[in-house]
Amino acid sequence: MASYLQIADDEKGHELELFCVPKHYENDLERVIIPHGLIKDRTERLARDIIRDMGGHHLVALCVLKGGYKFFADLLDFIQVLNQNSDKSVPLTVDFIRLKSYCNDTSTNSVKVIGGDDLSSLTGKNVLIVEDIVETGRTMQTLLSLLDECNPKMVKVVSLLVKRTPRSSGYRPDYTGFEVPDEFLVGYALDYNEYFRDLNHICVLTEEAKEKYKV
Ligand code: IMP
Ligand code: MG
């Protein structure tokens with residue numbers, strides 16, 4: 001597996017007061033673990049690595065909704081910048097799929113496709129799956145087997161985050177932004193029951209907030 005930025009288990013992160021967070025979340029967050037600027041810097045490098053490896057052919061970027069949308073948008077912006085400024089460029093098209101596997105802060109056993117494009121259009125294509133976070137790996141393994149039925153030419157996976165957890169199936173994406181401790185993270189489109197997508201930094205939730213937004 002390619003390299004990634006490792007965030008240690010004892011990483012203290014940063015005090016909330018040092019950054020701008022929406023007023024409505026101020027009491028719900030423990031600390032900032034990955035500031036927005038660092039997410040962007042790491043994403044820029046992932047774009048370069050991906051184009052180096054996959055840049056020969058038309059690329060279909062498949063966004064896993066909803067959590068992947070911020071990372072997807074920023075990653076594709078960086079790929080576009082590379083396309084605009086080099087002698088070689090890759091035609092890029094986009095597809096979307098919506099999966100759901102989470103309730104409160106727990107990954108459930110069933111991964112459901114609840115919307116998105118028809119995957120059969122991916123036959124014979126080079127596909128880059130763009131995901132927010134891999135925890136057990138079940139979501140990605142389910143998606144990969146669904147995609148396999150459509151016979152794409154090549155499939156690679158980029159995940160912004162991979163969680164270090166004993167619940168992991170051992171699955172690892174081809175490209176990883178950060179490896180993070182086994183905590184529930186929100187922000188930069190990662191949600192807790194749909195809240196906290198409207199927060200730029202990746203943060204750790206307080207236990208009180210888990211109760212407050214529980215369904
Ligand atoms: P997996 O199937 O256990 O690998 O979980 C993957 C999915 O669960 C991700 O696509 C996320 O949508 C969600 N998820 C896992 N961990 C977190 C987290 O810490 N915060 C928010 N969502 C998470
Ligand atoms: Mg996701």
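## Shell around ligand 1

The shell around ligand 1 is made up of 6 nonpolar, 5 polar and 7 charged residues. The model is predicted. Among the 18 residues around this ligand, those that come nearest are Glu-135, Thr-136, Gly-137, Thr-139 and Leu-185.

Three secondary-structure elements each supply at least two residues of the shell: strand E4 (92-103), strand E6 (126-134) and helix H3 (138-148). E6 gives the largest share, with 4 residues.

## Polar contacts and cover

Oxygen atoms of ligand 1 take part in several polar contacts. One oxygen lies 2.8 Å from a polar backbone atom of Glu-135. An N or O atom in the side chain of Lys-163 is 2.9 Å from an oxygen of the ligand. For Asp-132, a polar side-chain atom is 3.1 Å from a ligand oxygen. On its own, ligand 1 has 490 Å² of accessible area, and the protein covers 93% of this.

## Magnesium site

The magnesium ion (ligand 2) has Glu-131 (OE) and Asp-132 (OD) as its protein donors, at 2.4 to 2.6 Å. Glu-131 counts as buried because its relative accessibility is 5%, under the 20% cut-off. Asp-132 is also buried, with a relative accessible area of 11%.

## Phe-184

Phe-184 sits in the loop between strand E8 (175-180) and strand E9 (185-186). The residue is buried, at 11% relative accessible area. Phe-184 and Asp-105 are separated by 79 residues in sequence, but their C-alpha atoms are 6.6 Å apart in space.

Terms used: Residues are numbered from 1 along each chain as its sequence is written. Chains are lettered from A and ligands numbered from 1 in the order in which they are written. This is a predicted model: local features need pLDDT of at least 70, side-chain atom pairs count only at pLDDT 80 or more; totals for chains, interfaces and linings use all residues. Side-chain values use heavy atoms; hydrogens and water are left out. Donors are N, O and S atoms within 2.8 Å of the metal (3.2 Å for Na, K and Ca); water is not among the atoms, so sites may look incomplete. Buried means under 20% relative accessible area, exposed over 50%, partly exposed in between (1.4 Å probe, protein chains only). A residue is near a molecule or strand if one of its heavy atoms lies within 4 Å of it. A polar contact is a pair of N or O atoms within 3.5 Å; within protein, one must be able to donate a hydrogen and the other to accept it, and residues adjacent in sequence count only if both atoms are side-chain atoms. Accessible areas come from the Shrake-Rupley method with a 1.4 Å probe; for residues, only the protein chains shown count as cover. Ala, Val, Leu, Ile, Met, Phe, Trp, Tyr, Cys and Pro count as nonpolar, Asp, Glu, Lys and Arg as charged, and the others, Gly among them, as polar.
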